[in-house]
Amino acid sequence: MNLTPKDMLAKLVSFNTESQRSNLDLIHWCRDYLASHGVESTIVPSPDGIKANLYATIGPKVAGGVVLSGHTDVVPVAGQDWTSDPWTLTERDGKLYGRGACDMKGFDAIALALVPEMLKAPLKRPVHIALSYDEEVGCFGARVMIDAMVKAGLQPSSVIVGEPSMMQVVTGHKGGTRMKTTVRGHAVHSSRVDIGVPAVMIAGQLIAWHTQVMDENKARTQSNSFEPPYTTLHVGVVQGGTAVNITAEHCSFSHEVRAIPGESGDTYVERYRARIAELEAGMKAIAPESGITLEITSFTPPLGPEKEGEAESLSRRLTGDNGSHVVAYGTEGGLFQAAGWSTVVCGPGDIAQAHQPDEFITVAQLEAGAKFVRGVIAELSR
Ligand SMILES: [Zn+2]
């Protein structure tokens, strides 16, 4: 079966792969499609078996080669007002509408649709197609997939993460650590707050720590291309307490650190744990059952510019883009780079359309993406 990138995109969009759902129907379809071309896939399931990654190698099984990386999950459509069915790719005025058309089944579709061309080319080094699950909710799929790829002995020289960048070569993004803190207090009448442990007030001190550390970062920051140019900390959700005259027994909040390349989210987590330990000592002296629990809900490392990076020079040769670009959103790129593989983000479509109702990719961007992947095939055939 041969499909154009557009027809392939229509097929991929027809699978509802919102991150909270299974992506197995899509993955099995891709496996069967690749098998119909004689390409064997490796399926890397999620720990619960509900979802899976897929990677496949086309060309000689030798070192070098390029990974074309894309995620298969999409963000939910609930509550969004769509002009046409989000699961039916619909063309209007040179734009292809559908959930995931831009972020990022467009790139997945190009990689898959060009498999017959890869098979015909005299590839000297391989193309690896890598499709993950759960990118949108914390890059959980890519972690297990990259582990499996490393264990299988793959040694690509470049990884192209095809997230929408309007085919610009993106060499950096911040990392993200998401956390949840739960404070267990001790309830007494608030008139005797001296013998209670007020969870909300302790949470307040921990929240203030975020502001204080961010202010320090801002003060010592050197200019770089990120906006803002320093590591940010943020608390987005707080829940706690039952009445103004009871010291709160419970308070929890969700928070994150977005670290610039060169800084590590882990360092911030360590500092935060030290602050927790200080406060906990005082709490336990009053009520031994009180305490603070920190849960890391997801971690995605930053993508940092490489010195003479292979992926960067390849992408610049093929796109002619010599600008310096960093992006605000996180990708799986930092995980590939952490595995020791040269990585950039470069893909079709505009991130402004991602996650939106009436998400679209232009036909022109889909064609630009296909031209780029054809260039990769030509490079690997030299
Ligand atoms: Zn994406």
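Predicted model: local features only at pLDDT ≥ 70, side-chain atom pairs only at ≥ 80, totals over all residues.

User: Which residues line the largest cavity?

Analyst: Its lining consists of T171, G304, P305, E306, A311, E312, S342, T343 and V344. The elements that contribute two or more residues to this lining are α8 (310-319) and β14 (343-345).

User: How is the lining of the largest cavity divided by class?

Analyst: The lining of the largest cavity comprises 3 nonpolar, 4 polar and 2 charged residues. Glu counts as charged, and E306 and E312 belong to this lining; they therefore fall in the charged class.

User: Why is the largest pocket said to lie between domain 1 and domain 2?

Analyst: Domain 1 (5-173 + 302-380) and domain 2 (175-300) both give residues to the lining of the largest pocket, so this pocket lies between them. About 420 Å³ of space lies in the largest pocket.

User: Which residues lie nearest the centre of the largest pocket, and which elements supply at least two residues of its lining?

Analyst: Of the 24 lining residues, E135, E136, R178, Y329 and G330 lie nearest the centre. The strands β9 (176-184), β11 (250-258) and β12 (291-300) each supply at least two residues of the lining. The largest share, 3 residues, comes from β9.

User: What is the make-up of the largest pocket's lining by class?

Analyst: The lining of the largest pocket has 6 nonpolar, 10 polar and 8 charged residues. Among the residues nearest its centre, E135, E136 and R178 are charged because Glu and Arg are placed in that class.

User: What is the volume of the second largest pocket, and which residues lie nearest its centre?

Analyst: The second largest pocket has a volume of about 200 Å³. Its lining has 14 residues, of which Y55, T57, K61, H128 and L154 lie nearest the centre. Two or more lining residues come from each of β1 (41-45) and β2 (52-58), and β2 gives the most, with 3 residues. By class, the lining of the second largest pocket has 6 nonpolar, 6 polar and 2 charged residues.

Conventions:
Residues numbered from 1 in each chain as written. Heavy atoms only, no water. 1 Å grid on protein atoms, 1.4 Å probe; cavity = no way out; pocket = protein on both sides within 12 Å on 5 of 7 lines; lining within 4 Å. Helix = DSSP H or I, 4+ residues; strand = E, 2+ residues; numbered from the N terminus. Points joined across faces, edges and corners; volume = space filled by probe spheres on them. Domains from an automatic or database assignment.
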